[in-house]
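Student: I would like to learn how to read a few features of a structure. Please go through them one at a time.

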Amino acid sequence: MSKKLPEFGKINVPHDRSVPFGAITPAPVHQQDLFKTSNWRIVRPVIDNDKCTRCLTCYIACPDSCWSFNDEEEVMEWNAGFCKGCQICIHECPSDALSAVPELDFADGVDRLEKPF
Amino acid sequence: MADEKMLTGCSAAAQALKLAEVEVICSYPIRPYTAIMMELAKMVANGELDAEFVHGEGEHAQLSVVLGASACGARAVTGSAGVGVTYAFELYSPLAGGRYPVQMTIADRTLDPPGDFGSEHTDAMSVRDQGWIIGWASTPQEVFDNTLMGYRIGEDPRIMLPQMTCQDGYFISHIPDKVKVASLSQVKEFLPPYSAPHPISTTCPVSHGPQIRPDQGAPMDAQRAETFLELPGVIKEATKDFNRIFGRNYDPFLEKYRLEDAEIAFFIQGAHSNTCRMAVDALRKQGVKAGMSRLRWVRPWPTTEIAESLGHVKAIGTIETSTSYGGAMRGGNLIHELRASLYDLDERPLTTSFMAGLGGETVWLEDFEFMAKVLLQTVKDKRTSKYVYWIGFED
């Protein structure tokens, strides 16, 4: 064997891009900020607090627990980090307090168009 | 210290799993691997083995159960054969990506159609790109040994990967041979208890298998690939320890049989290597410089070791025992990676492939003689004239 064989080299994953071992993470008490899942949202639910009766139907209906009740201000609160825009809450709301508004109408809209995943 | 017994490959696997003190077993029947689970079930029922024995409702469930068990910190085992191996397919990548070092014990069986019961490597070979450690034994003794080595390598904190320890159905799984059954103290010296780095627990809650973002996918793939760069070193270490403690003489990656001065060589994995060794001896008696290189682990593929140990051979033929329809050589799988491993040598051996031992057919001594003739002709012609020969269907 005269020639030196190629090497496998090293793979350098920078620290800020490395993923926890096996993607195992400390269990979230409230929400898992390491793995946010809202970046495929096209529309978001916007609430009209005058129409809202605080019946908590949205809280029950949301598959990702993105609606919660704010005791102090007595309003429903929406979690932007995990809402996928499925619109189940809008569909289920008995008092038509929720409406679907395109993500691009918001200054903080998900940046999927600029950074497609 | 070792107790010598006549055991089939299935019994040898069960004996090794008992000595490895597996804690969770998940079964679902499909022959020929079923005999392993039957023996383990007996051991649990008789109180010889303190393990949770779970009946899965299918192979997908089997792998899901061992994933959960491993995530909780248990040493877990499952197994299958043929279409059972493919029915479980969804779970292979999550088990490897989630870093659960479970063991799947396989006794090969052909895939459907047509429901042939015979042995063929296509079932487990189809899992080769899913991030598992995969290797074939060639005797019941090696089944016993690879079962223990599998856990040692897979559970190494630097590795943490699932292992597929394979044996040819019937040829190994159902034919008894002498097996040195090691003592528990030997096994304990070789195989430390399994320690999961982040077990599911009530005192320190963790999330396993969360959704990750697309920009986290590439680094995760790279991190998994990184582990495979480290794996050969860990296999070498484990094999060295194994040889010392159990008095064996395994090469970590390749069994090299009469290769030093060989002009032609068979490249093979699994049971048919036993006939191949006899064929090499017979050819040597006729004055043909033949040799054999037997693959012990197909994942990780021993690229460097192949280039270093086979570079001097003039012609090499792979004995495939698995199919890769429409692949580069229109035959099996081994030839692709063998050729790739030899490509960077200044002087490459000529290579071709033989489709043999498919559907459970025996590869006879005469078949190896035919292959040797092809290889000698290849050497004479200084060129490979055909990529693949279908044994039994050639002129």
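**Reading contacts, domains and backbone angles**

Tutor: K236(B) and E305(B) are joined through their side chains by a salt bridge, 3.8 Å from N to O. The term stands for a side-chain nitrogen of Lys or Arg within 4 Å of a carboxyl oxygen of Asp or Glu. This is a predicted model, in which local features need pLDDT of at least 70 and side-chain atom pairs count only at pLDDT 80 or more, while totals for chains, interfaces and linings use all residues. Residues are numbered from 1 along each chain as its sequence is written, chains are lettered from A and ligands numbered from 1 in the order in which they are written, and side-chain values use heavy atoms, with hydrogens and water left out.

Student: Into which domains is chain B divided?

Tutor: Domain bounds come from an automatic or database domain assignment. For chain B that gives domain 1 (3-246) and domain 2 (254-390). Their centres, taken over C-alpha atoms, are 28 Å apart.

Student: How many salt bridges does the rule find across the interface of domain 1 of chain B and domain 2 of chain B?

Tutor: The rule finds four there.

Student: What area is buried between domain 1 of chain B and domain 2 of chain B?

Tutor: Buried area is the accessible area (1.4 Å probe) that two parts lose on being put together, summed over both. Between these two domains of chain B it is about 2300 Å², and carbon and sulfur atoms give 56% of that. On the domain 1 side, M125(B), R128(B) and F171(B) lose the most area to domain 2, together 23% of what that side buries.

Student: Is Y33(B) buried or exposed?

Tutor: Buried means under 20% relative accessible area, exposed over 50%, and partly exposed in between (1.4 Å probe, protein chains only). Y33(B) has a relative accessible area of 0%, so it counts as buried. Contact means heavy atoms within 4.5 Å. Leaving aside neighbours within four places in sequence, Y33(B) has contacts that include C10(B), Q62(B), G79(B) and T105(B).

Student: Which residue other than glycine has a phi near 65 degrees?

Tutor: That is R99(B), where phi is positive. R99(B) is buried, at 8% relative accessible area. In chain A, D96(A) also is not a glycine and has a positive phi of about 50 degrees, but D96(A) is exposed, at 56%.

Student: Where is a cis peptide bond with omega of about 0 degrees?

Tutor: It joins R299(B) and P300(B). Another cis peptide bond runs from D112(B) to P113(B), with omega near -15 degrees.
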